[in-house]
Amino acid sequence: MAMKDAIDSMPVQRAIEPEGFGNRKLIRPSLSRPDHNQNHVSPAMGERRDRPERSGDRNDRNDRNGGGRKAAPPEQTNAENFYYQKQMQAKTPMVIVLRDGEEVRGFIEWYDKSCLKVSCNGSPNLMIYKPSIKYMYKEGENAAK
């Protein structure tokens, strides 16, 4: 109780504020000054160069995609399918190197999402799963090993 009485009996002092800081307002400079876009040398900032005006192609790009972010690339580009179609139609002799180092020579006869059917000269046709293929090249091109 003695502590409580001591605290209550102390006079509350009001903070003394200097006269000039009582009612302060935030002052924001106007950025739409007529001299803003001119080359102006300010002692504090040194020489300032204006940026060249950008063309409207950025806005055009956003308008095509509905604004905001750039559209994500497609999940599948079909480049692999296009390559297989081209080699099938031309009946290009291919060398398919498997992950274990074995080379299979022949024409791509058929393909789907997970495998290739290779027609080999003088041997039975082979069905090769795509994950087992290390790389492939046209038979005339000697791949560096």
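This is a predicted model: local features need pLDDT of at least 70, side-chain atom pairs count only at pLDDT 80 or more; totals for chains, interfaces and linings use all residues.
Residues are numbered from 1 along each chain as its sequence is written, and side-chain values use heavy atoms, with hydrogens and water left out.

Helices (H or I, at least four residues) and strands (E, at least two) are DSSP runs numbered from the N terminus. Five strands form an open sheet in the order E6-E5-E4-E3-E7, with antiparallel pairing; two strands count as paired if DSSP finds at least two bridges between them. E6 and E7 are the edge strands, each with a single partner, so one side of each has no neighbour in the sheet. From one strand to the next the twist averages 45°. Axes for such angles are lines fitted to C-alpha atoms, for helices over the stretch in contact, and the angles run from 0 to 180 degrees between N-to-C directions.

Strands E4 (residues 103–111) and E5 (residues 115–119) run antiparallel and are joined by four bridges. The two strands form a hairpin with three residues between them, and tryptophan 110 stands opposite lysine 117 in E5. E5 is also joined to E6 by four bridges, again in antiparallel orientation, with leucine 116 opposite isoleucine 128 in E6. Six residues lie between the strands in the hairpin of E5 and E6, where glycine 122 takes a positive phi near 75°. E5 is mostly covered, four of its five residues being buried. Buried denotes under 20% relative accessible area, exposed over 50%, and partly exposed the range in between (1.4 Å probe, protein chains only).

Helix H3 lies across E3 (94–98), E4, E5 and E7, and runs at about 100° to E4; contact here means heavy atoms within 4.5 Å. The 12 residues of H3 should span 16 Å at 1.5 Å a residue, in agreement with the 17 Å between its end C-alpha atoms. The expected span is 1.5 Å times one less than the number of residues. Lysine 91, which follows H3, has a positive phi near 50°.

Four salt bridges were found in the whole structure, a salt bridge being a side-chain nitrogen of Lys or Arg within 4 Å of a carboxyl oxygen of Asp or Glu. In one of them, the closest N and O atoms of glutamate 80 and lysine 130 are 3.4 Å apart. This pair links distant parts of the chain, 50 residues apart: glutamate 80 belongs to H3 (residues 79–90), and lysine 130 to the loop between E6 (126–129) and E7 (133–138). Glutamate 80 is partly exposed at 39% relative accessibility, whereas lysine 130 is buried at 16%.

Glutamate 109 and lysine 117 also form a salt bridge (3.2 Å, N to O). Their relative accessibilities are 38% for glutamate 109 and 26% for lysine 117, and salt bridges that share partners join Glu103, Arg105 and Glu139 into one network. Within that network, the closest N and O atoms of arginine 105 and glutamate 103 are 2.9 Å apart. Arginine 105 is partly exposed at 41%, as is glutamate 103 at 27%.

The structure contains zero disulfides, defined as pairs of cysteine sulfur atoms within 2.5 Å. Cysteine 115 is buried at 7% relative accessibility, and cysteine 120 is buried at 11%.
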